[in-house]
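Here are a few notes to read alongside the model. Have a look at the structure first, then work through the points in order.

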Amino acid sequence: MAGVEQLLGNDRESRPSPIDVHVGSRIRLRRTLLGMSQERLGESLGLTFQQVQKYERGVNRVGASRLFDLSRVLDVPISFFFDDMPDSLASNFGGLPSRRSPGQSESQDPFGDDTLSRRETLELVRAYYRITDPSIRKRVFDLIKSMGPAES
């Protein structure tokens with residue numbers, strides 16, 4: 001039995017945990033939404049850009065104090081890094097289901113992980129938040145919503 005545990009342990013060490021990969025993708029998402037380079041994020045945290053890359057890929061696990069620093073630098077609550085985690089992933093690792101909008105199930109999500117990480121989406125969000133006048137930003141938001149299918 002020890003041989004099986006040893007094999008599983010070695011296999012586990014060679015692949016990043018799916019949770020670490022998810023947290024890393026959320027770090028990358030927020031960094032890119034802010035238009036921040038890996039180098040600049042690294043400087044803010046006292047890290048090299050290579051270390052930031054490893055966090056973003058899930059190769060290196062993010063410790064609690066580093067997660068706290070990331071939340072401060074990226075201006076998000078710590079829970080942000082765990083939001084939108086697939087329910088199957090959370091339950092397999094003993095966690096609670098992810099936070100979703102009321103009435104939204106995992107299969108109903110029209111914006112899969114791919115859509116949120118596309119360059120076009122990130123550029124659109126950055127451009128939207130560069131609009132400084134709140135009334136104009138609201139009008140742009142309303143325009144975009146009106147162009148899509150009606151919500152049910």
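1. Which residues have the most contacts inside the largest nonpolar core? Keep in mind that this is a predicted model. That core has 18 residues, and the ones with the most contacts inside it are I27, L41, V62, L70, L74 and F81. Two or more residues come from each of α2, α3 (38-45), α4 (49-57) and α5. As background, nonpolar side chains tend to be buried together in soluble globular proteins.

2. V62 is a handy place to start looking around. Leaving out residues up to four places away in sequence, V62 touches V23, I27, Y55, L67 and L70. Of these, I27 and L70 are, like V62, on the list of core residues with the most contacts.

3. Next, find R30 in helix α2, which covers residues 18-33. Is R30 buried or exposed? R30 counts as buried because its relative accessibility is 18%, and the cut-off for buried is under 20%.

4. What does R30 touch, if residues up to four places away in sequence are not counted? The list is L74, D75, V76 and F80. With L74 there is a polar contact to look at: a polar atom of the R30 side chain lies 2.8 Å from the backbone oxygen of L74. L74 also belongs to the group with the most contacts in the core. Check F81 while you're there: its C-alpha atom is 9.1 Å from that of R30, although the two residues are 51 apart along the chain.

5. Now for the loop between α5 and α6, where D75 sits. D75 is not a glycine, yet it has a positive phi of about 55°. D75 counts as exposed, because its relative accessibility is 61% and the cut-off for exposed is over 50%. D75 is also one of the residues that R30 touches.

6. D84 is found in the loop between α5 and α6 as well. Its phi is positive too, at about 65°, and again the residue is not a glycine. D84 counts as partly exposed, with a relative accessibility of 33%.

7. Which residues make the nonpolar patch of about 270 Å²? They are F68, I78 and F82. I78 lies in the loop between α5 (64-73) and α6 (87-92).

Notes. Residues are numbered from 1 along each chain as its sequence is written. This is a predicted model: local features need pLDDT of at least 70, side-chain atom pairs count only at pLDDT 80 or more; totals for chains, interfaces and linings use all residues. Side-chain values use heavy atoms; hydrogens and water are left out. Patches are made of residues with over 30% relative accessible area and no salt bridge: like charges are joined within 9 Å, nonpolar side chains (Val, Leu, Ile, Met, Phe, Trp, Tyr) within 5 Å. Accessible areas come from the Shrake-Rupley method with a 1.4 Å probe; for residues, only the protein chains shown count as cover. A salt bridge is a side-chain nitrogen of Lys or Arg within 4 Å of a carboxyl oxygen of Asp or Glu. Helices (H or I, at least four residues) and strands (E, at least two) are DSSP runs, numbered from the N terminus. Buried means under 20% relative accessible area, exposed over 50%, partly exposed in between (1.4 Å probe, protein chains only). Contact means heavy atoms within 4.5 Å. A polar contact is a pair of N or O atoms within 3.5 Å; within protein, one must be able to donate a hydrogen and the other to accept it, and residues adjacent in sequence count only if both atoms are side-chain atoms. A nonpolar core is a set of buried Ala, Val, Leu, Ile, Met, Phe, Trp, Tyr and Cys residues joined through side-chain atoms within 4.5 Å.
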